[in-house]
Amino acid sequence: MNSFQYIALALCTVSIFGGCNAQLSATFYDSTCPNVSSVARGILAQARQTDVRIGAKIIRLHFHDCMVNGCDASLLLDDADGIDSEKDEPPNTTIDGYSVLDDIKTAVENVCPGVVSCADIVALAAQISVSLDGGPTNPWEVQFGRRDSTTANSAGTSAIPSPFDDFPTVRRKFTDVGLDSTDMVALSGAHTIGKARCLTFNQRFDSNDSSAPMDPTFREELIQACTTGETLVDFDPTTPNGFDNNYYTHLQNKRGLLTTDQFLFSTNGSDTIPIVNQFASSQSDFFDNFGQSMVKLGNISPLTGNNGQIRADCKRVN
């Protein structure tokens with residue numbers, strides 16, 4: 001352990017999330033594994049050549065992990081004795097990207113065995129993936145020092161926002177982990193990349209929900225595209241693989257794909273409306289806030305110090 005890590009451990013305090021995160025630091029691996037970022041970037045850049053959606057998959061995985069017991073890589077655990085995997089629960093059955101994280105873990109173990117946690121690899125992979133898709137790098141400086149959980153919480157996956165949740169429920173789920181309205185709108189902006197299955201939004205075709213209205217032309221386009229419930233549709237048909245602020249202009253034009261996208265702009269009197277307008281008018285404001293909110297997301301209840309472990313294999317406890 002380097003001197004910074006030792007001092008940070010000594011000064012560790014309990015956060016409002018119930019976890020000890022004082023020692024999370026951008027320099028945590030500077031002396032113990034200085035090449036971790038370059039190793040991860042190389043693997044992710046290669047993965048993106050064959051799967052342009054890998055960035056969206058990794059961000060979603062990171063979010064789903066952090067919303068359940070904090071950012072502890074519990075989502076990566078397979079079923080085992082005493083472990084009921086989170087992977088098998090409805091919010092996570094369509095999660096993808098595990099194999100790329102395994103590749104990063106294997107490569108990092110080759111150069112820094114037993115040093116870098118799976119939880120830190122997930123957080124780092126999310127930041128690199130966004131940058132590869134053209135998104136922000138500053139002020140999003142990934143904080144490190146997490147440990148991996150030795151348990152999963154399959155029942156806790158109910159804390160993950162669902163595309164079928166109403167507005168108060170989604171807001172409560174963000175608030176429960178210390179994320180405010182700006183964080184909710186900024187993090188939802190990750191939907192500027194990626195795709196959604198038609199079954200997550202086709203109930204809107206016959207809906208008159210005033211909190212999530214849909215442009216009639218957009219509705220017809222989606223009806224034509226959705227030949228089955230499993231058909232995948234781009235969140236942002238304009239620049240589907242580029243990380244930008246088009247997501248918010250789509251909301252202004254009633255072209256948000258999910259109900260939970262559109263109600264950020266269309267819920268009467270909501271404090272999220274001016275935030276959507278701000279991000280739609282300024283991509284730099286969106287990027288700044290997205291980076292800050294991703295840091296807050298990554299700081300939810302981390303296991304640190306002597307809590308948890310550094311898994312040798314992200315899929316199983318040591």
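## The annotated position H64

H64 is buried, with a relative accessible area of 6%, where buried stands for under 20% relative accessible area, exposed for over 50% and partly exposed for values in between (1.4 Å probe, protein chains only). The residue is found in helix α3 (residues 54–66); helices (H or I, at least four residues) and strands (E, at least two) are DSSP runs numbered from the N terminus. UniProt, in an unreviewed entry, places the feature "active site" at H64; positions from that record are given in the numbering used here, its feature names are shortened, and its annotations may be inferred rather than shown by experiment. Leaving aside neighbours within four places in sequence, H64 is in contact (heavy atoms within 4.5 Å) with L75, P91, N92, I95 and I160.

The model is predicted, so that local features need pLDDT of at least 70 and side-chain atom pairs count only at pLDDT 80 or more, while totals for chains, interfaces and linings use all residues. Residues are numbered from 1 along each chain as its sequence is written, and side-chain values use heavy atoms, with hydrogens and water left out.

A nonpolar core is here a set of buried Ala, Val, Leu, Ile, Met, Phe, Trp, Tyr and Cys residues joined through side-chain atoms within 4.5 Å. The largest one has 72 residues, of which L76, L101, I104, Y248, L264 and F290 touch the most other members. Helix α5 (residues 118–132) gives the most to this core, with ten residues. Because domain 1 (35–160) and domain 2 (179–296) both give residues to the core, it lies between them; the domain bounds come from an automatic or database domain assignment. A second, separate core of twelve residues includes M214, C226, V233 and L258.

Helix α4 (residues 98–111) has 14 residues and reaches 20 Å from its first C-alpha to its last, close to the expected 20 Å, a span defined as 1.5 Å times one less than the number of residues. Its buried residues are Y98, V100, L101, I104, K105, V108 and E109, and they pack against α2 (36–50), α3 and α5. For I104, the contacts beyond four places in sequence are A40, I43, L44, I121 and A125.

## Disulfides

A search of the whole structure finds four disulfides, each a pair of cysteine sulfur atoms within 2.5 Å. One of them joins C66 to C71, with an S to S distance of 2.0 Å, and its torsion about the S-S bond is about 120°, so this disulfide is right-handed. C66 is buried at 1% relative accessible area, and C71 counts as buried at 0%.

C118 and C314 form another disulfide, with sulfur atoms 2.1 Å apart, and at -100° about the S-S bond their link is left-handed. This pair links distant parts of the chain, 196 residues apart, with C118 in helix α5 and C314 in the segment after α12 (283–298). The disulfide of C198 and C226 (S to S 2.0 Å) is left-handed as well, with -85° about the S-S bond. C198 lies in the loop between β1 (195–197) and α8 (216–225) and C226 in the loop between α8 and β2 (232–234), so the pair ties together parts that are 28 residues apart in sequence.

## The loop residue L257

L257 lies in the loop between α9 (246–252) and α10 (259–266), and is buried, with a relative accessible area of 1%. Beyond four places in sequence, L257 is in contact with A196, F201, R204, M214, F218, L222, V233, D234 and F235, among them M214 and V233, which the second core includes.
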